[in-house]
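Please read the points below with the model open beside you. They are in numbered order and can be checked one at a time.

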Amino acid sequence: MSRVAYVVFSATTALPVVIAHRGASGYRPEHTLAGYELAARLGADFLEPDLVSTRDGVLVARHEPEIGATTDVAHHPEFTDRFTAKMIDGRRVKGWFAEDFMLAELRTLRAVERIPALRQRNTLYDGRYPVPTFGEVIALAARLSDELGREIGVYPETKCPSYHRGIGRPLEPTLVQALREANLDRPDAPVFVQSFEASSLRALRPELKVPLVQLTETAPLGPADFAEVASYADVIGPDKELIVPRDATGRSAEPTGLVADAHAAGLAVHAWTFRNENHFLPTDLRSTAGRAGYGNALAEYWLFAELGVDGVFTDHPDTAASAISETVVPQAS
Ligand code: G3P
Ligand code: CA
C-alpha cells in the first residue's frame with residue numbers, strides 16, 4: 001500500500017504527511033511553479049493548489065478569484081478597466097478577478113509576494129513567475145516524482161465553488177476531467193481533493209475515487225458533525241487552533257479532543273496552517289526575533305504529531321519534514 005493510502009486508512013499509526021501550502025510560501029510567492037518545485041525538493045509530499053476559474057473556464061492556482069493581491073495586474077494599464085467590485089460569499093471585494101480574464105491574458109501577469117511586510121526576502125522573486133494552470137501543477141508533480149524517486153502528490157482545493165457555480169464557471173466538472181485525463185482518479189492515486197464547502201465535496205463524491213477533505217474553521221464540532229462529514233469525506237482539515245486553542249494572551253491552551261473524535265468517526269486529520277514566523281506562532285513558542293523572525297516552529301510540529309494529526313499544511317516544508325523525521329509516533333499493537 002502506498003504511504004498516502006496508508007495515511008488515509010490507518011490514520012493513527014503513520015507519521016503526518018507534509019502538504020506544501022500554496023507551494024513553499026515561506027520562500028517564494030505563493031501558487032507559482034517555482035514555489036511548488038522548491039516545496040517538493042524541501043521534502044513536501046503534496047503540492048497544494050487552490051483553484052479558481054478563468055473566463056474561458058481553465059482552472060488556475062490562486063487562493064481567491066481576486067488577483068490584485070498576488071499578481072502585478074495593477075501595473076498593467078491594459079487591464080485598468082477590469083477593476084471592479086463583486087459580492088463573493090457575502091463580502092464585497094474590490095479588485096481584478098480571474099474569471100474576467102482569458103487564460104492568455106492572465107498569463108501576461110506575474111506573481112508577487114502576498115505579505116511583503118513579513119516576507120521581504122520573497123519579494124526578490126516578484127514579477128518572475130506566471131500564474132500556473134492546474135494542468136501544469138499536475139505535470140510538475142509527475143516530473144518531480146520521477147526525478148526525486150518518491151511520489152509527489154497534488155492536493156487541489158475548490159475555492160468559492162458556489163460563487164463559481166453562480167457565475168457559470170463550475171469548478172467541479174473541470175477538476176474531475178483534469179484528474180481523469182492525468183489518470184489520477186484512482187483510490188491509490190497521490191491525490192486529495194479539499195473544500196470548505198460541503199456542497200462541492202458532495203458533488204464530487206460520486207464522481208471521484210480519491211479521498212475528499214472537508215476543511216473547517218468552525219468550532220465546536222460534536223460527534224454528529226464528524227459522522228456527517230464522514231458520510232461524504234475521508235479527512236477533516238481543521239484550522240490548527242481547533243486542535244490546540246489559544247488563550248486570551250495567545251498562549252497555547254489545553255488541546256481539544258478533535259483528533260481523537262475525528263479518528264473515532266473514521267476521519268483522518270490534516271491541520272492548517274503551520275508557519276515558522278513568530279507572527280503566526282502561539283506566544284509561548286515565539287522568539288525575540290520580531291514578527292518576521294522564526295520562533296520554535298519545530299516544537300509546534302512535534303506537539304501536533306504527538307496529538308496524532310495525519311497531515312500538516314505548511315508554508316515551510318523543510319521545517320515540517322525535519323520535525324516529522326524526528327517524530328516517534330507510537331505504533332498500534
Ligand atoms: O486548504 C487548507 C488551507 O489552505 C485552508 O486555508 O485559506 O490557505 O486555503 P487557505
Ligand atoms: Ca488551501
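1. Start with Arg143, which touches Glu37 and Arg41 when residues up to four places away in sequence are not counted; contact here means heavy atoms within 4.5 Å. Arg143 is found in helix H4. Helices (H or I, at least four residues) and strands (E, at least two) are DSSP runs, numbered from the N terminus. Arg143 and Glu37 are 106 residues apart along the chain, and their C-alpha atoms are separated by 9.8 Å. With a relative accessible area of 39%, Arg143 is partly exposed. Buried means under 20% relative accessible area and exposed over 50%, with partly exposed in between (1.4 Å probe, protein chains only).

2. A word on the basis of these points. This is a predicted model, in which local features need pLDDT of at least 70, side-chain atom pairs count only at pLDDT 80 or more, and totals for chains, interfaces and linings use all residues. Residues are numbered from 1 along each chain as its sequence is written, chains are lettered from A and ligands numbered from 1 in the order in which they are written, and side-chain values use heavy atoms, with hydrogens and water left out.

3. On confidence: pLDDT is the predictor's confidence in each residue, from 0 to 100. The protein has a mean pLDDT of 95, and 94% of its residues reach 70 or more. Over residues 1–12, pLDDT stays under 50, and the model has 33 contacts beyond four places in sequence for this stretch. Where pLDDT is low, the predicted coordinates should not be read in detail.

4. Which residues coordinate the calcium ion (ligand 2)? They are Glu48 (OE), Asp50 (OD) and Glu157 (OE), at 2.1 to 2.3 Å. Donors are N, O and S atoms within 2.8 Å of the metal (3.2 Å for Na, K and Ca); water is not among the atoms, so sites may look incomplete. Along the chain the donors follow the spacing E-x1-D-x106-E. Glu48 lies in strand S2 (residues 46–48) and Glu157 in strand S8 (residues 157–158), so the pair ties together parts that are 109 residues apart in sequence. Both Glu48 and Glu157 are buried.

5. The site of the calcium ion (ligand 2) is irregular, with angles of 57 to 165° among its six donor atoms. Four donors count as tetrahedral if all angles lie between 85 and 135 degrees; four count as square planar and six as octahedral if opposite donors are over 155 degrees apart and all others between 65 and 115; anything else is irregular.

6. The largest nonpolar core has 57 residues, of which Leu47, Leu179, Val193 and Ile243 touch the most other members. The largest share of this core, six residues, comes from helix H4 (residues 134–148). A nonpolar core is a set of buried Ala, Val, Leu, Ile, Met, Phe, Trp, Tyr and Cys residues joined through side-chain atoms within 4.5 Å. Leaving aside neighbours within four places in sequence, Val193 is in contact with residues including Pro156, Leu175, Leu179 and Leu201. A second, separate core of twelve residues includes Val52, Val60, Val73 and Val131. In soluble globular proteins, nonpolar side chains tend to be buried together.

7. Is Thr314 buried or exposed? Thr314 is buried, with a relative accessible area of 0%. Its place is in strand S13 (residues 311–314). The side chain of Thr314 makes a polar contact with the side chain of Tyr301 (2.7 Å), and a polar atom of the Thr314 side chain lies 3.3 Å from the backbone oxygen of Phe274. A polar contact is a pair of N or O atoms within 3.5 Å; within protein, one must be able to donate a hydrogen and the other to accept it, and residues adjacent in sequence count only if both atoms are side-chain atoms.

8. Some backbone details deserve a check. The peptide bond from Trp272 to Thr273 is cis, with omega near -10°, and Thr273 is found in strand S12 (residues 268–274). Asp89 has a positive phi, near 50°, and sits in the loop between strand S5 (84–88) and strand S6 (91–95). Asn183 also has a positive phi, about 55°. Most residues other than glycine have a negative phi, and most peptide bonds are trans.

9. Finally, Ala264 is found in helix H9 (residues 258–264) and counts as exposed, at 70% relative accessibility.
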